[in-house]
Amino acid sequence: MSDARDQERDEGEALAAEYVLGTLELAERQRAEALIRSDAGFAARVARWEQHFAPLNDAYPEVPAPDLLPVIEARLFGLPAPRRRFAFLRFLGGAGAAAALALAVFMAVEPRPAAPALTATLSATAEPLTFAASYDAATEELTVTHTAGPNPGADSSYELWVIVGTGAPASLGLIDAQTVTRSLPALTPGATLAVSREPLGGSPDGAPTEVLVSGVVTSS
């Protein structure tokens, strides 16, 4: 189970990184764009890779578009088009070779700083309810503790949500204990966590019914 989860996490990281680099085939890029809209964890991975590669934008000028003539001829006349074993090799062609080589060195030798602690306090001015959240980047687990305020009551439930950028709220499940832990890949500062009051058992339509408290994730 752990190996399968690690493999799925690695594949998600690779897809997000290649999407940011622009090395995906059309079908894979469309799949990544669909995941960004529907999967808050994958959208957070993409945001993290965009931040990671941002220093490269100023280091290299734009390069000419790749020569697409062989591909066009192959489609028109049935000529065999050269295929690449790995998608990353496309980035090594033509004028992009120097930039790609520098990127490989950058990724290989740049020391990775320790991930900062991510925390959030979920509260509201007119609401006695509060929750404390902390995120462990090493295990990709979010822990949320009910620190003050009443329980939801016999006919309702508290539900936890995450909002990344302008994306729709994504449910992280019910808060059915004093402290709950949820798996959440690549949570980044700036994301919003929220708790809503829902009918017993959770949101009936996949969206928050009554948001009670919220907080922005920050690094410390």
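These legends accompany close-up views of a predicted model.

**View 1. Overall fold of the predicted model.** The protein contains five helices and nine strands. Along the sequence the order is α-α-α-α-α-β-β-β-β-β-β-β-β-β. Of its 220 residues, 30% count as buried. Among contacts between residues at least 6 apart in sequence, 60% join residues at least 24 apart.

**View 2. Confidence along the chain.** The average pLDDT of the protein is 80, and 70% of the residues score at least 70. Residues 84–89 have a pLDDT below 50. Beyond near neighbours in sequence, this stretch has seven contacts in the model.

**View 3. The aromatic pair of Phe-131 and Tyr-158.** The structure holds one aromatic pair. The ring centres of Phe-131 and Tyr-158 are 6.0 Å apart and the ring planes stand at 90°, so the pair is edge-to-face. Phe-131 belongs to strand 2 (residues 127–136) and Tyr-158 to strand 4 (residues 156–163), so the pair ties together parts that are 27 residues apart in sequence. Both Phe-131 and Tyr-158 are buried.

**View 4. The largest nonpolar core.** This core has 26 residues. Leu-122, Phe-131 and Leu-142 have the most contacts inside it. At least two core residues come from each of helix 3 (40–57), strand 1 (118–124), strand 2, strand 3 (141–148), strand 4, strand 7 (192–199) and strand 8 (210–216). Strand 2 gives the largest share, four residues. Apart from this core lies another, of 12 residues, including Ala-16, Ala-32, Val-46 and Leu-56. In soluble globular proteins, nonpolar side chains tend to be buried together.

**View 5. Surroundings of Leu-122.** Neighbours within four places in sequence are left aside here. Leu-122 is in contact with Leu-129, Thr-130, Phe-131 and Ala-133, among others. Its contacts also include Leu-160, Leu-193, Ala-194 and Val-195. Val-213, Ser-214 and Gly-215 are in contact with Leu-122 as well.

**View 6. Strand 4, covered on both faces.** Eight of the eight residues of strand 4 are buried. One side carries Ser-156, Tyr-158, Leu-160 and Val-162. The other carries Ser-157, Glu-159, Trp-161 and Ile-163.

**View 7. Strand 4 and its pairing with strands 7 and 5.** Strand 4 pairs with strand 7 in the antiparallel sense over eight bridges. Ser-157 has Glu-198 in strand 7 as its bridge partner. Strand 4 also pairs with strand 5 (residues 170–174) in the antiparallel sense, over four bridges. Here Trp-161 stands opposite Ser-171 in strand 5. The hairpin of strand 4 and strand 5 has six residues between the strands. In this hairpin, Gly-165 takes a positive phi near 60°.

**View 8. Tyr-135 and its contacts.** Tyr-135 lies in strand 2. Its relative accessibility is 8%, so Tyr-135 counts as buried. Leaving aside neighbours within four places in sequence, Tyr-135 is in contact with Leu-118, Glu-140, Glu-141 and Leu-142, among others. Further contacts of Tyr-135 include Leu-184, Pro-185, Ala-186 and Leu-187. Tyr-135 and Ser-183 are 48 residues apart in sequence. In space, their C-alpha atoms are 9.6 Å apart.

Technical notes:
Residues numbered from 1 in each chain as written. Heavy atoms only, no water. pLDDT = per-residue confidence, 0-100. Contact = heavy atoms within 4.5 Å. Phe/Tyr/Trp six-rings, centres within 6.5 Å; stacked < 30°, edge-to-face > 60°. Buried < 20%, exposed > 50% of the residue type's maximum accessible area, 1.4 Å probe, protein only. Core = buried A, V, L, I, M, F, W, Y, C linked by side-chain atoms within 4.5 Å. Pairing = 2+ DSSP bridges.
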